[in-house]
Each structure stands twice: as structure tokens, then as C-alpha cells.
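Colleague: Could we go through this model together? I would like to begin with the sheet and then turn to the helices.

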Amino acid sequence: MARILIVTGEASGDLHGANLAKALMAKDPQVSLAGIGGAAMEAAGVQLVCKMGQFDVMGMVGPLALLSIFRRFFFMRRLFKSEPWDAVIFVDNPGLNLRYAYFAKSAGLRVFYYIAPQIWAWGAWRMYWIKKRVDQVLVILPFEKALYDEAGMRCTFVGHPILDAVDASYDRTALRARFGFSHDERVIALLPGSRTHEVHTLLPILIAAAEKLAHREAKTKFILAQAPTIQDNLLQPLLRQSSVPVTLVKGQASEVMAVADLLLVASGTATLQAAVVGTPMVLCYRTTAWEFWIASFFIRVKWIGLVNLVAGRSVVPELLQDEATGQRLYEEALGILEDPTAYVEMKRSLAQVRDALGAPGASTRAAEKVLEVCRA
């Protein structure tokens, strides 16, 4: 009976860890799973040895924060030596997990990394540590495998888990009726992100673009996808400043994307989600001048949008930093909406991106690879 430890450290990783756990148990009902995660992993049948955030240093300063960090590292070192684990699987969260991987490897354990660090974007130096601390990398973006292969790492492309979270197709007419839109109305969706600082920065820009689009075409309707991590008290004051009505929908991002003709979306995984749904978009992102300046020294890619990175070319417009304004967003949106040829071409390109992400079943393929190595 294989005994496997799954380690993650944030909400998205908890969901991926839970899906991986379900796939492992489906492939081998006798497998024993323990881990560090949250409610999703626990509900999936993982015996939690520690809950996410138990060693959180948020709000701590000075010696207290340092003490918490040392406690966390000592706990992880003891955990890896506590049982003869057949494998340890780290899920995303490279800031901590790459450090934990050092202790796991030092304990003589077989180490997997699922949803590997984005060395292609920044931090190429981390490849050195990955090679020292990880036995097998399970990647979810098609272009990542070549990078790990070139570095001499054992690597398997398992496909993107978003394909399991997004339906293959949606009944657009039925969805529009559910949200109160007619089949022939122009609907623009606003997706300002899943982090508080993103929403605070980007939503006013999206609203400014929406107001200009409404002025151009008075019958245009707007819908906003509220991420589960975003509180109402953040959105409502910003929406009250809008001169156009915005329908607010919680926790149904894919459905919101499916009813819309165009998306105004913050850069992130949502852009891949939109590609799977197939809705054209304009991508934007803005951070502080200081953060952008620092990032400029480390970013190694031509685009920041995952859609463009997977395609290897500019499929959707990217408006970054000073370019991320209501006026520029309006101009790009109008250019897509009023050019049928460009609109159809973008939909065709998004379908190609979806195909490049592989087939549904990323968690199953990851589980199969882990069990195959454990049994070898």
C-alpha cells in the first residue's frame, strides 16, 4: 500500500490537491494519503497532519515572525522523517514548497512537483534547486516540458486542470435568460481578478471602459464575475460610482464568460478559462510603479497573458501599467467588437489555445504517473 504525502499552501493548491487525491484513490483504492492543505483536501479524504495557514506569519513582525518560520521548517523536517513515505507531492506555492523539498529530499524521499514553478516567466535560477530537490515534475502548460527536458529533468505534461473545471460547452441562450439578458443584446463581462488589490486597482478602469462602451452603444449590458475570494464590501462602493448598471454574479465565472460577447479581464488564470469557454477578450493589468520596476528586471517572457504564452503569439491585446486605462481598454474592445473578421479570428485562435492545453483529466494523468513511479 502506497503512503503518499501531499503538500500545498494556498486555496488554489488546496483544490488541485483535492482533485489529485481523488484521482489517486480512484486509481488505487488502497493508497493512504496524508497532507498539508485545507477543507477541499480534507473533504477529498486526505488525512491532514497540518492545516494550511497554521504557521501563517501574517500580522507578525520581528522575532515572532522569525520564530514562526523556524517552527514551520522544523515541523516539516520532522514530518518527512516521521514515516517511510513512498512519495511527497508538492502542489504549486513554490515560495515555500521549494524550501520544503530540500528537507524531503534530505530525508531520502521520492519528490514530485505538480504545477511546477514558472521558471519560464522569472527566476530561471530556480531550475538549479529544482534539479537538486525534485525527482519528477508534472507540468500543466505545454511549453513547460521542453524547458525541463532541456535541463535534464524528468518531466511529464499532464494537461491543464482548468479543462476539468470548465464545461465543454454552454447553452448561451439559457444562460442569458437566467441572467436577464436577451439573446440579441451586446453583453460585456468584467473580470477584475481574485485578489483584493487587483480589484481595487482594476475595477475602476474596467468601469471607465464600460461607461464609454455604453455611451457608444446605449443598449450594451454589463455583467461582473465576482471571485469567491472577493468580499461584497469591496465591490459595492466601486460599483455605486458607475453610471451604468452592472449585473453582479458570484462564483460563476465560466457562465459569465459564456453569456458575454467580450471580456475585459485581469491577467491570470481567468484568461485561460476564457480561452476554454471561447469568448474574445482584452487583457489588462496594473500594479504599483515600484513593483512593476522590480518585475521588469526578472520577467523573461514577451507576454504576460497565459493565452498569448500558450499560443506563442499575440492572440489577445495586453494593456499593462500605463496602457491600462479606461480609454485604451475602450479602444481595444471597440476594435474587436466592430471588426467581425478580427472577432472570428480571435475565436479561432482561442480554440487553438484550448486544444494546446491537452485533454481533460490532468489530475488522473498526474495520479497515474505518481503511482507508476511508486510501483517501479
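Modeller: Two strands count as paired if DSSP finds at least two bridges between them; helices (H or I, at least four residues) and strands (E, at least two) are DSSP runs, numbered from the N terminus. This is a predicted model, in which local features need pLDDT of at least 70 and side-chain atom pairs count only at pLDDT 80 or more, while totals for chains, interfaces and linings use all residues. Residues are numbered from 1 along each chain as its sequence is written, and side-chain values use heavy atoms, with hydrogens and water left out.

Colleague: In what order do the six strands of the open sheet run?

Modeller: The order is β10-β9-β8-β11-β12-β13, with parallel pairing.

Colleague: Which strands stand at the edges?

Modeller: Those are β10 (247-250) and β13 (318-320); each has a single partner strand, so one side of each is left without a neighbour in the sheet. On average, neighbouring strands are turned by 20° against each other, direction ignored.

Colleague: How many bridges join β8 and β9?

Modeller: Strand β8 (residues 187-191) and strand β9 (residues 221-226) pair in the parallel sense over four bridges. Ile188 has Phe222 as its bridge partner in β9.

Colleague: And which strands does helix α15 touch?

Modeller: Helix α15 (residues 326-337) packs on the sheet and touches β8, β11 (262-266), β12 (281-285) and β13; contact means heavy atoms within 4.5 Å. The direction of α15 makes about 165° with that of β12. Axes are lines fitted to C-alpha atoms, for helices over the stretch in contact, and angles run from 0 to 180 degrees between N-to-C directions.

Colleague: At what angle do α9 and α10 cross?

Modeller: The axes of α9 (residues 196-216) and α10 (residues 232-240) cross at roughly 20° and come within 10 Å. That makes α9 roughly parallel to α10 (angles under 35 degrees count as roughly parallel, over 145 as roughly antiparallel, 65 to 115 as roughly perpendicular and the rest as oblique). Residues in this contact include Val199 and Leu203 of α9 and Leu235 and Leu238 of α10.

Colleague: How do α9 and α15 compare in angle, parallel or oblique?

Modeller: They are oblique to each other: the axes cross at roughly 50° and come within 8 Å.

Colleague: Changing topic, how many salt bridges are there?

Modeller: The count comes to 16 salt bridges, each a side-chain nitrogen of Lys or Arg within 4 Å of a carboxyl oxygen of Asp or Glu. One of them joins Glu83 and Arg3 at 2.3 Å, N to O. That pair links distant parts of the chain, 80 residues apart: Glu83 lies in the loop between α3 (62-82) and β4 (87-91), and Arg3 in strand β1 (residues 3-7).
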